[in-house]
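Please read them with the structure open beside you.

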Amino acid sequence: MKKKTIEELKEIAKDIRRKVVTMLCRAGSGHPGGSLSVTDFITACYFSEMNLDPKNPKWEDRDRFVLSKGHVCPAQYAALAKLGFFPEETLQTLREEGSILQGHPNMQCPGVEIPTGSLGQGVACAVGMAIALKMDKKNSRVFAVLGDGECQEGEVWEAAQTANKYQLDNLILFVDNNNLQIDGTTDEVMPNRDLGEKFKAFGFEIYNIDGNDMAQILRTLDAVRLHSHSTKPKCIIGQTTKGKGVSFMENVADWHGVAPNKEQCEQALKDIDANYSFE
Ligand SMILES: Cc1ncc(C[n+]2csc(CCOP(=O)(O)OP(=O)(O)O)c2C)c(N)n1
Ligand SMILES: [Mg+2]
């Protein structure tokens, strides 16, 4: 596949944001804030970095993507549909009974590797996948996305210890560091600053970036792939904005798990089209 330009990837991210707000508005429920903060990283992974075959989702040599903060699956679903894992019309069935697109990802959805939603579990599964790939002498890599609030879960650190023990250089974590969780800032609820230092202490190679800057994300993924010669597992700490790209959602904790109504959706689409808060 021809490498996409930064501008093309930004356009894809924009379209994913549009799809996220439209899907949530239609469903009347879901999690916009954390879906919009992680959209740029998801776009870079799916449309530039990972080896996948949408026509053969279980291809043995594929890279694995684990959305450990599973509540933001609308962004993942939009990416999978755009790639052709399933028809784009299916996005309109988000959260309907019987749909393959439930409020948290499950394996009825082509491209989903493991059901997630119980915070902390996805990253532990990602570690298991990375170990299995090494045992099978595969070159595939595992990309896992965590929330900063999720990093309050003990299981995250059990997984991190294990990744260090087995020197899982095929594991790339992305922490979507948007400083907010379900009902407030991480500082208010359970302070856990300096996540980079914490993962470093657990044996990871750390990359601190602006997680909503496509150019920085791509440079970092290049650096991980081309220039990292250590056997350490990798962790990208992406500083992001919850609700990124929608004026009235940015940095507002209340937009964690509420869907926009029709008028709000229209405004959100206008903001996204106008590249609100992007240069
Ligand atoms: C084990 C577990 N406890 C609680 C929840 C409820 N819950 C869903 S999202 C969320 C906040 C997550 O915050 P963060 O990881 O920062 O994700 P963000 O939405 O900010 O991206 C919580 C507590 C859950 N899904 N799993
Ligand atoms: Mg958060």
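1. In this predicted model, helix α3 (residues 39-49) packs against helix α4 (residues 73-83) at an angle of about 30°. The axes of α3 and α4 are 10 Å apart. Angles under 35 degrees count as roughly parallel, and α3 and α4 are therefore roughly parallel to each other. The crossing in which α3 passes α4 is right-handed.

2. Which residues of α3 meet α4? They are Thr39, Ile42, Thr43 and Tyr46, and on the α4 side they meet Ala75, Gln76, Ala79 and Leu83. Sorted by class, the contact of α3 with α4 has five nonpolar and three polar residues, and no charged residues.

3. From α5, the residues Gln121, Val123, Ala124 and Val127 take part in the contact with α6. Their partners in α6 are Glu155, Val156, Glu158, Ala159, Thr162 and Ala163. By class, the contact of α5 with α6 is made of six nonpolar, two polar and two charged residues.

4. Do helices α1 and α10 run roughly parallel or roughly antiparallel? Helix α1 (residues 6-27) and helix α10 (residues 262-273) pack at an angle of about 180°, and their axes are 10 Å apart. Angles over 145 degrees count as roughly antiparallel, so α1 is roughly antiparallel to α10.

5. In α1, the residues that meet α10 are Lys14, Arg17, Arg18, Val21, Thr22 and Cys25. In α10, the residues are Lys262, Cys265, Ala268, Leu269 and Ile272. The class count for the contact of α1 with α10 is six nonpolar, one polar and four charged residues.

6. Next, the sheet. Strands of a sheet pair through backbone hydrogen bonds, either parallel or antiparallel. In this model five strands form an open sheet in the order β1-β2-β3-β7-β6, and the pairing is parallel. At the edges are β1 (64-67) and β6 (205-210), each of which pairs on one side only. From one strand to the next, the twist averages 20°.

7. One pairing can be followed residue by residue. Strand β2 (residues 142-147) and strand β3 (residues 171-177) run parallel and are joined by six bridges. Opposite valine 142 stands leucine 171 in β3.

8. Which strands does helix α9 lie across? Helix α9 (residues 214-227) lies across β3, β6 and β7 (234-239). Relative to β6, α9 runs at about 165°.

9. The last point concerns ligand 1. How many residues surround ligand 1? There are 21, and the closest are Gly34, Gly147, Gly149, Glu150 and Gln181. Two elements, α2 (32-37) and β4 (180-181), are those that give two or more residues to this shell. The largest share comes from α2, with three residues. By class, the shell around ligand 1 has 12 polar, five charged and four nonpolar residues.

Key:
Residues numbered from 1 in each chain as written. Chains lettered and ligands numbered in written order. Predicted model: local features only at pLDDT ≥ 70, side-chain atom pairs only at ≥ 80, totals over all residues. Contact = placed C-beta atoms within 7 Å. Helix = DSSP H or I, 4+ residues; strand = E, 2+ residues; numbered from the N terminus. Nonpolar A, V, L, I, M, F, W, Y, C, P; charged D, E, K, R; others polar. Pairing = 2+ DSSP bridges. Axes fitted to C-alpha atoms, helices over the stretch in contact; angles between N-to-C directions. Near = placed C-beta within 6 Å. Parallel < 35°, antiparallel > 145°, perpendicular 65-115°, else oblique. Left-handed = near helix turned anticlockwise from the far one by under 90°.
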